[in-house]
Amino acid sequence: MEGDRPVQKDAYTLILEAIDTGLYRPGDRLVESELADRFGVSRTPIREALQRLETQSLLARDGRSLIVASLDHNQLSELYVVRSELEGLAARLAARHATQEEVDVLKEMVSEDRALVNDPVALSRANRRFHKQIHLASHNRYLVQQLDLVHRTMALMATTSLAAEGRGEGALAEHTAIVDAIEKRDEDRAYSALKAHISKAFTTRLKQDSLSNI
C-alpha cells in the first residue's frame, strides 16, 4: 500500500495541471479510462484522484459523470473575497519577512513580464508565478497552503481578466506598486496595494462576463 501513494499523488497532480493549463475546461467530462491512457497510469490512482478533486469542488457530478466544475457569479464573488484577504496578508508578511533576494526576484519578474503584455495567456502564467513568489516571500507555510487551494480553484475560470484591453499594462503597474511597498517594508501599503490589485481584476472579470452575455 505504501508504494501506491506516490502514484496516487502523481495522478492528482497530472489532472490538476491539465485543468490549470486549460487542457480540460469547465464542463468537460473526465473519463477514468481516457485519463489513464493519457497519463500512462492505472485506473485506481486516477479514480482516487478524481474523488479527491470532487471533494475539493474542482469536479462536479453531471448524472453519473464527473465534469470540470464551473463557478457561478456568487461562487466567483466569494472566491475573490477570500483571495483578496489572503493575498493582502501575504503581501503584508512579505513586506515584513522577504529577503532582498526575494525582492530582487519579484522586481525581475515585473521587468520580464512587460514583454508579455500583448500575450494574455503567457501573461496569465507569469502572473501566477508572480503571486506565488509573494506567497513564498510571506514565509508562512500555512498561508501558502491556503493560497494554493484558492489558486487551484481559480483554474475553473474560463477566461483570464488579463485578456481585457489595457488590463495587462494596468496589472503590471499594480505589480510594480506592490513590489515597491514590499521593498520599502511598508506593510500597510503592501496589503492595500495587493487588495486593490485583486479588486481591479475582479471588476474587470465582471465586465467581461456581462459583455459575453450581451
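Q: Why are helix α4 and helix α7 called oblique to each other?
A: In this predicted model, the axes of α4 (residues 73-97) and α7 (residues 141-154) come within 10 Å and cross at roughly 140°. Angles under 35 degrees count as roughly parallel, over 145 as roughly antiparallel, 65 to 115 as roughly perpendicular and the rest as oblique. α4 and α7 are therefore oblique. The handedness of their crossing is left-handed.

Q: On what basis do the values rest?
A: Local features need pLDDT of at least 70 and side-chain atom pairs pLDDT 80 or more, while totals for chains, interfaces and linings use all residues. Residues are numbered from 1 along each chain as its sequence is written, and side-chain values use heavy atoms, with hydrogens and water left out.

Q: Which residues of α4 meet α7?
A: On the α4 side they are L79, Y80, V82, R83, L86, E87, L89, A90 and L93. Their partners in α7 are L143, Q146, L147, V150, H151, T153 and M154. Classed by residue type, this contact (heavy atoms within 4.5 Å) holds eleven nonpolar, three polar and two charged residues.

Q: What makes α5 roughly antiparallel to α6?
A: Helix α5 (residues 100-113) packs against helix α6 (residues 120-137) at an angle of about 170°, and their axes are 10 Å apart. That angle makes the pair roughly antiparallel. Here E102, V105, L106, M109, V110 and D113 in α5 meet residues of α6 including L123, F130 and I134. The contact of α5 with α6 has ten nonpolar, one polar and three charged residues.

Q: Why are β1 and β2 called edge strands?
A: The open sheet of three strands has the order β1-β3-β2, with antiparallel pairing. β1 (29-30) and β2 (59-62) each pair on one side only, and are thus its edge strands.

Q: How do you know that β2 and β3 pair?
A: Two strands pair if DSSP finds at least two bridges between them. β2 and β3 (residues 65-68) have four bridges, in the antiparallel sense. L59 stands opposite V68 in β3.

Q: Which strands does helix α3 touch?
A: Helix α3 (residues 43-55) packs on the sheet and touches β1, β2 and β3. The direction of α3 makes about 95° with that of β2.

Q: How many helices and strands does the chain have, and what share of its residues is buried?
A: The chain has nine helices and three strands. Buried residues (under 20% relative accessible area, 1.4 Å probe) make up 43% of the 214 residues.

Definitions and conventions
Axes fitted to C-alpha atoms, helices over the stretch in contact; angles between N-to-C directions. Helix = DSSP H or I, 4+ residues; strand = E, 2+ residues; numbered from the N terminus. Left-handed = near helix turned anticlockwise from the far one by under 90°. Nonpolar A, V, L, I, M, F, W, Y, C, P; charged D, E, K, R; others polar. Buried < 20%, exposed > 50% of the residue type's maximum accessible area, 1.4 Å probe, protein only.
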